[in-house]
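Welcome! Below are a few exercises to work through with the structure open beside you.

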Amino acid sequence: MRILLTNDDGIYAAGIAALKRQMSALGEVVIVAPDAQRSATAHSITIERPLRVREVYVDGAFFGHAVDGSPADCVKIAVREILDAPPDLVLSGINPGTNVGINVLYSGTVAAALEGAILGITSAAVSLAAAERPDFAAASQVTLYLIREILGHNPLPGSLFNINLPNCPADAIKGVAVSRQSVVSYEDKFDVRIDPRGGRYYWMTGQMSRQNVAADSDVARLQSGFVTVTPLHYDLTDEKALEEISRWGLSL
Ligand code: MN
């Protein structure tokens, strides 16, 4: 099988290298990733300027294709131009830092996998609950195991799996929890400082609210030591509202 591997942290990130080493056990791994850090760029695409693709070599060996665009750009250009046939799997990660709850809406890691799903390819985003000192070696081993399991169930083409891993050795993980996405919002904060010319600037910080986190959600399950798997869909239609609003008889 052929796997398209990408991320949002850039082609030189440690998480993508670890994943490449492990996933090669499943087949051919082709890397098409941003040329630089593109975290929190969500599902942006580049249309006002051209895209450049550059071959990247690591220790003298061909490593992958670097694109001066977003994670979604990478998947589009890989499937439409770089690969001669669509891959069997689009894999995005491993991201240092979780992509649970509403983070999936800001995440470039998840957006790359979403783009794969939109193109009808089975896709997965993989994130690790550690921004500092992530153990990518352990996480990529768990990922390989889990991806094998998932593919063994023959998911429908275009299925999207959002996977989040606790940062601990494989034998300390409590199990796999298929979970819903939490909808708890962010408690946004801005660090306000003064630049050397006396101008004010703002740096976004803040954290996800700890209030009202549903027990069956990705946020709660990951916190209690489970690997979480959340199936996602890019159809954002609010089905309940659709039914209700259809009955309003809106007219001009
Ligand atoms: Mn990232």
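**Exercise 1.** Which residues in α4 are buried?

*Solution.* Before starting, note that this is a predicted model, in which local features need pLDDT of at least 70 and side-chain atom pairs count only at pLDDT 80 or more, while totals for chains, interfaces and linings use all residues. Residues are numbered from 1 along each chain as its sequence is written, and side-chain values use heavy atoms, with hydrogens and water left out.

Step 1: Settle the terms. Helices (H or I, at least four residues) and strands (E, at least two) are DSSP runs, numbered from the N terminus. Buried means under 20% relative accessible area, exposed over 50%, and partly exposed in between (1.4 Å probe, protein chains only).

Step 2: Go along the helix. The buried residues of α4 are Gly 108, Thr 109, Val 110, Ala 111, Ala 112, Ala 113, Leu 114, Glu 115, Gly 116 and Ala 117.

Step 3: Draw the conclusion. Since 10 of the 11 residues of α4 are buried, the rest of the structure largely encloses it.

Step 4: Look for the cover. The elements over these buried residues include β1, α2, β5, α3 (103-106), β6 and β7 (160-165).

**Exercise 2.** Describe how α2 meets α4.

*Solution.* Step 1: Find the axes, which are lines fitted to C-alpha atoms, for helices over the stretch in contact, with angles from 0 to 180 degrees between N-to-C directions. Those of α2 (residues 71-82) and α4 (residues 108-118) come within 7 Å and cross at roughly 30 degrees.

Step 1: Classify the angle. The two helices are therefore roughly parallel to each other (under 35 degrees; over 145 is roughly antiparallel, 65 to 115 roughly perpendicular and the rest oblique).

Step 2: List the contact (heavy atoms within 4.5 Å). Pro 71, Ala 72, Val 75 and Lys 76 of α2 meet Gly 108, Ala 112, Glu 115 and Gly 116 of α4.

Step 3: Sort these residues. They comprise 4 nonpolar, 2 polar and 2 charged; here Ala, Val, Leu, Ile, Met, Phe, Trp, Tyr, Cys and Pro count as nonpolar, Asp, Glu, Lys and Arg as charged, and the others, Gly among them, as polar.

**Exercise 3.** What coordinates the manganese ion?

*Solution.* Step 1: Name the donors (N, O and S atoms within 2.8 Å of the metal, or 3.2 Å for Na, K and Ca; water is not among the atoms, so sites may look incomplete). Asp 8 (OD), Asp 9 (OD), Ser 39 (OG) and Asn 95 (OD1) coordinate the ion at 2.1 to 2.2 Å.

Step 1: Check their surroundings. Both Asp 8 and Asn 95 are buried.

**Exercise 4.** Which backbone details stand out in Ala 40, Asn 154 and the Gly 93 to Ile 94 bond?

*Solution.* Step 1: Take Ala 40, in the loop between β2 and β3 (53-58). Its phi is near 60 degrees, positive in a residue other than glycine, and at 59% relative accessibility Ala 40 counts as exposed.

Step 1: Move to Asn 154, in the loop between α5 and β7. Asn 154 is not a glycine, yet has a positive phi of about 50 degrees; with a relative accessible area of 65%, Asn 154 is exposed.

Step 2: Finish with the bond. The peptide bond from Gly 93 to Ile 94 is cis, with omega near -5 degrees, and Ile 94 belongs to strand β5.
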